[in-house]
Amino acid sequence: MLKLLSITSLLASLALVGCNPQSTTNAASSTASAPVASSSGSAKGDFGPPQGEPIKAVLTSPPHVPPATGRKAPAKVIVELEVREVEMEISEGVKYTFWTFGGTVPGSFIRVRQGDTVEFHLKNHPDSKMPHNIDLHGVTGPGGGAASSFTAPGHESQFTFKALNAGLYVYHCATAPVGMHVANGMYGLILIEPPEGLTPVDHEYYVMQGDFYTTGKYREKGLQPFDMQKAIDERPTYVLFNGSESALIGDKALKAKVGQNVRLYVGNGGPNLVSSFHVIGEIFDRVLFEGGSKSQENVQTTLVPAGGAAIAEFHTEVPGTYVIVDHSLFRAFNKGALGMMKVEGPENKAIYSGKEVDSTYLGDKSADLSSVATASKASAGGTLTKDMQIKAGGALFAGTCSVCHQANGEGLAGVFPPLAKSDFLSKDPTKAIAVVLNGLSGAVKVNGKDYNSVMPPMSQLTDDEVANILTYVTNSWGNTGAQISQAQVAKVRAGTPRPQGAAH
């Protein structure tokens with residue numbers, strides 16, 4: 001099957017690509033005039049004054065992208081963006097107060113044409129506690145608009161700029177302390193199309209990475225405050241796509257069909273980490289690295305710097321679930337930088353022999369984790385039942401333990417001991433807690449048979465996660481039916497020596 005069609009007739013200095021995700025037509029002119037010098041002497045995309053009536057920009061929330069501009073001449077484009085400070089879920093049962101552009105993380109996607117004059121209106125919602133502003137990397141001028149847009153709660157600021165350079169650019173808040181504002185989710189992307197228009201594809205999606213710093217550890221339940229010291233030390237609790245562990249998984253996964261062309265607009269808000277962006281099972285046919293005019297073909301993983309962007313294209317060949325990660329892999333599997341694209345359609349076994357099993361890479365994200373949130377809420381309210389724990393523990397077990405101990409609890413002969421009808425578990429549930437938290441190495445006898453392997457410490461799990469998993473295990477496969485509480489796990493965690501290298 002042919003790979004993505006080559007891009008034709010773009011500016012000699014730029015090969016940007018883009019289109020309306022619902023349309024494969026491109027109404028933009030291919031005969032736009034060459035750049036002319038403005039009164040200020042600029043020859044970068046100044047195509048003269050705006051023509052026609054002002055246009056109100058269409059803004060979209062991630063992962064959606066606005067339609068192509070489809071215009072033959074520069075226009076005056078009015079962008080209206082509101083800052084909102086919003087409490088939202090960062091992970092199952094974990095809340096965080098995000099500072100946002102447009103109520104989402106990342107902020108609304110902005111799309112204009114090179115040469116446009118942009119009249120930018122920044123509003124700060126009256127309920128906000130902080131002043132905010134905006135620095136657009138696509139602006140030519142000191143501060144990128146920051147000094148002109150400092151806006152107190154309940155107020156609005158306005159400034160104007162000409163979009164001189166085509167490209168994909170980050171925008172972010174630049175109010176002091178700048179790192180804190182960005183770490184709370186204040187970033188997004190603006191695409192400045194070249195005047196010749198953009199090559200059509202079947203789907204365009206908006207994906208932006210960010211690192212987050214909470215006082216509680218990864219997946220610790222409840223409302224989590226921002227931790228300034230972690231941020232200064234560059235030790236994120238979460239590294240996420242689109243502001244949440246669940247933003248691009250399950251029903252929210254990106255979608256495509258076999259034989260379609262997909263374009264990803266990828267940004268990295270930071271504030272600290274560089275992203276090694278990768279789609280497992282796909283090769284990018286074309287990457288416009290750093291959102292600029294140069295491209296590379298047949299790319300496996302592309303670097304996206306903090307405060308930078310890239311455009312990645314690929315053609316879908318076979319169906320299945322394609323896992324999107326930051327290939328700094330502990331970020332993906334232990335901090336949340338993981339998403340999915342689900343591709344539907346007929347198999348092509350000449351290219352690939354069969355579909356990948358989702359759980360191989362997705363871990364517990366391949367399961368429905370709503371039961372985890374239900375158990376967390378019940379625990380906080382004092383109404384947690386054993387049945388709730390069993391359901392939550394089963395979802396977590398599927399992605400945390402089942403690879404070694406198997407989904408049926410039978411383990412692997414001579415290597416991983418069985419959990420089913422386990423005399424080891426029945427003797428002392430407290431010992432099972434210590435094994436999960438601190439690991440186990442060397443020979444062990446279970447149900448009269450010898451096993452010799454290594455179980456690494458799983459102390460990155462929270463107390464309630466350990467309690468729920470063990471309650472599930474002890475109530476499955478003919479085991480004792482014991483119930484393990486969060487308090488029991490906390491007591492063991494506090495009272496046992498921690499092995500070298502164990503998390504938290």
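How many bridges join strand S10 to strand S14, and in which direction do the two strands run? Strand S10 (residues 203-212) is joined to strand S14 (residues 261-270) by 8 bridges, and the two run parallel. In this pairing Gln209 has Asn268 of S14 as its bridge partner.

The model is a predicted one, in which local features need pLDDT of at least 70 and side-chain atom pairs count only at pLDDT 80 or more, while totals for chains, interfaces and linings use all residues. Residues are numbered from 1 along each chain as its sequence is written, and side-chain values use heavy atoms, with hydrogens and water left out.

**Overall composition**

The secondary structure of the chain comes to 11 helices and 23 strands, where helices (H or I, at least four residues) and strands (E, at least two) are DSSP runs numbered from the N terminus. Of the 504 residues of the chain, 53% count as buried, a term that stands for under 20% relative accessible area, with exposed over 50% and partly exposed in between (1.4 Å probe, protein chains only). Among contacts (heavy atoms within 4.5 Å) between residues at least 6 apart in sequence, 71% join residues at least 24 apart.

**The sheet**

Strands S10 and S14 belong to an open sheet of 6 strands, in the order S12-S10-S14-S19-S16-S17, with mixed pairing; two strands pair if DSSP finds at least two bridges between them. Its edge strands, S12 (238-241) and S17 (295-299), each pair on one side only. Neighbouring strands of this sheet are turned by 20° against each other on average, direction ignored.

**Helix H6 and its surroundings**

Helix H6 (residues 386-400) has 15 residues and spans 20 Å from its first C-alpha to its last, close to the 21 Å expected at 1.5 Å a residue, the expected span being 1.5 Å times one less than the number of residues. Its buried residues are Gln389, Ala392, Gly393, Ala395, Leu396 and Phe397, and what covers them includes helix H5 (370-381), helix H7 (402-405) and helix H10 (463-474).

The axes of H6 and H10 come within 7 Å and cross at roughly 100°, so H6 is roughly perpendicular to H10, a class that takes in angles of 65 to 115 degrees, whereas those under 35 count as roughly parallel, those over 145 as roughly antiparallel and the rest as oblique. Axes here are lines fitted to C-alpha atoms, for helices over the stretch in contact, and angles run from 0 to 180 degrees between N-to-C directions. From H6, the residues that meet H10 include Gln389, Ile390, Leu396 and Phe397, and their counterparts in H10 include Ile469, Tyr472 and Val473. The residues of this contact divide into 8 nonpolar, 5 polar and 2 charged, with Ala, Val, Leu, Ile, Met, Phe, Trp, Tyr, Cys and Pro counted as nonpolar, Asp, Glu, Lys and Arg as charged, and the others, Gly among them, as polar.

Most residues other than glycine have a negative phi, and most peptide bonds are trans.

Glu290 is exposed, with a relative accessible area of 56%, whereas Asn447 counts as partly exposed at 34% relative accessibility.
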